[in-house]
Amino acid sequence: MKIFLNSLIAILALIVSSVEVNAQYGNGYGNGSGNGYGRQRNSIPQAQTPQEEPKALTAEEIVDNEMPNITESVGLNPFEEAIVRSILTKSVQKRIELQILKLAPEKTREAMEKIVKEQEEELRAGLPEDKYEAFEKLQKDRFKTKKKKKKKKD
């Protein structure tokens, strides 16, 4: 009877310890959650999808994005808006082509100055003087930095 009792205690201890080991370390599958339903690691590495480059806007899209602001600020009528849109589209297209060419910095600067000068001449010829001045003011205000440095308190 003593042997039977010792065997029974040993079997119960083995069962209890196996349950304890299974609860702590898992059953060999999964990450040790013990129920087999935990998140399992895949031995095959996942390929990372390359980041898509932002789509470059066309000259028409760039001008379309800016025209509502220009029309509202300058007060253009539909005819004047069409004139400004066509001139700006042509100028932006030339700038894009110039960037694609990747010329030397000196030649790029000269070409940009020429494009700006042509744009100014066409706008001056196509718009009334007051609206041309308002457009020029809008262009200058757009390039001013709006950052103001906060003064440190001593």
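How are helix 3 and helix 4 oriented to each other, roughly parallel or roughly antiparallel?

A: This is a predicted model, in which local features need pLDDT of at least 70 and side-chain atom pairs count only at pLDDT 80 or more, while totals for chains, interfaces and linings use all residues. Residues are numbered from 1 along each chain as its sequence is written, and side-chain values use heavy atoms, with hydrogens and water left out.

First, the setting. The chain has 5 helices and 0 strands, in the order α-α-α-α-α from the N terminus. Helices (H or I, at least four residues) and strands (E, at least two) are DSSP runs, numbered from the N terminus. Of the 154 residues in the chain, 18% are buried. Buried means under 20% relative accessible area, exposed means over 50%, and partly exposed lies in between (1.4 Å probe, protein chains only).

Now the pair. Helix 3 covers residues 78-101 and helix 4 covers residues 105-126; their axes come within 10 Å and cross at roughly 175°. Axes are lines fitted to C-alpha atoms, for helices over the stretch in contact, and angles run from 0 to 180 degrees between N-to-C directions. Helix 3 and helix 4 are therefore roughly antiparallel to each other. Angles under 35 degrees count as roughly parallel, over 145 as roughly antiparallel, 65 to 115 as roughly perpendicular, and the rest as oblique.

On the helix 3 side, the residues making the contact include Ile-83, Ile-87, Ser-91 and Leu-98, and on the helix 4 side they include Thr-108, Ile-115, Gln-119 and Leu-123. Contact means heavy atoms within 4.5 Å. The residues of this contact divide into 10 nonpolar, 4 polar and 5 charged. Here Ala, Val, Leu, Ile, Met, Phe, Trp, Tyr, Cys and Pro count as nonpolar, Asp, Glu, Lys and Arg as charged, and the others, Gly among them, as polar.

Two residues show the contact in detail. Leu-98 is in helix 3 and is buried, with a relative accessible area of 9%. Leaving aside neighbours within four places in sequence, Leu-98 is in contact with Leu-103, Thr-108, Ala-111, Met-112 and Ile-115. Gln-119 lies in helix 4 and is also buried, at 6% relative accessible area. Not counting residues up to four places away in sequence, Gln-119 touches Ile-87, Leu-88, Ser-91, Arg-95, Phe-135 and Gln-139.

The loop between helix 3 and helix 4 holds Lys-102. At 72% relative accessibility, Lys-102 counts as exposed. The phi of Lys-102 is near 50°, a positive value in a residue other than glycine.

Finally, there is a cavity. On a 1 Å grid over the protein atoms alone, a cavity is a set of points where a 1.4 Å probe fits but cannot get out, and lining residues have an atom within 4 Å of a point. Grid points are joined across faces, edges and corners, and a volume is the space filled by probe spheres set on the points. The whole structure has 1 cavity of 30 Å³ or more, and the largest cavity holds about 40 Å³ of space. Its lining consists of Lys-90, Ser-91, Lys-94, Ile-115, Glu-118, Gln-119 and Glu-122. Helix 3 and helix 4 are the elements that give two or more residues to this lining, and helix 4 gives the largest share, 4 residues. By class, the lining has 1 nonpolar, 2 polar and 4 charged residues.

Technical notes:
On a 1 Å grid over the protein atoms alone, a cavity is a set of points where a 1.4 Å probe fits but cannot get out, and a pocket is an open set with protein on both sides within 12 Å along at least five of seven lines; lining residues have an atom within 4 Å of a point.
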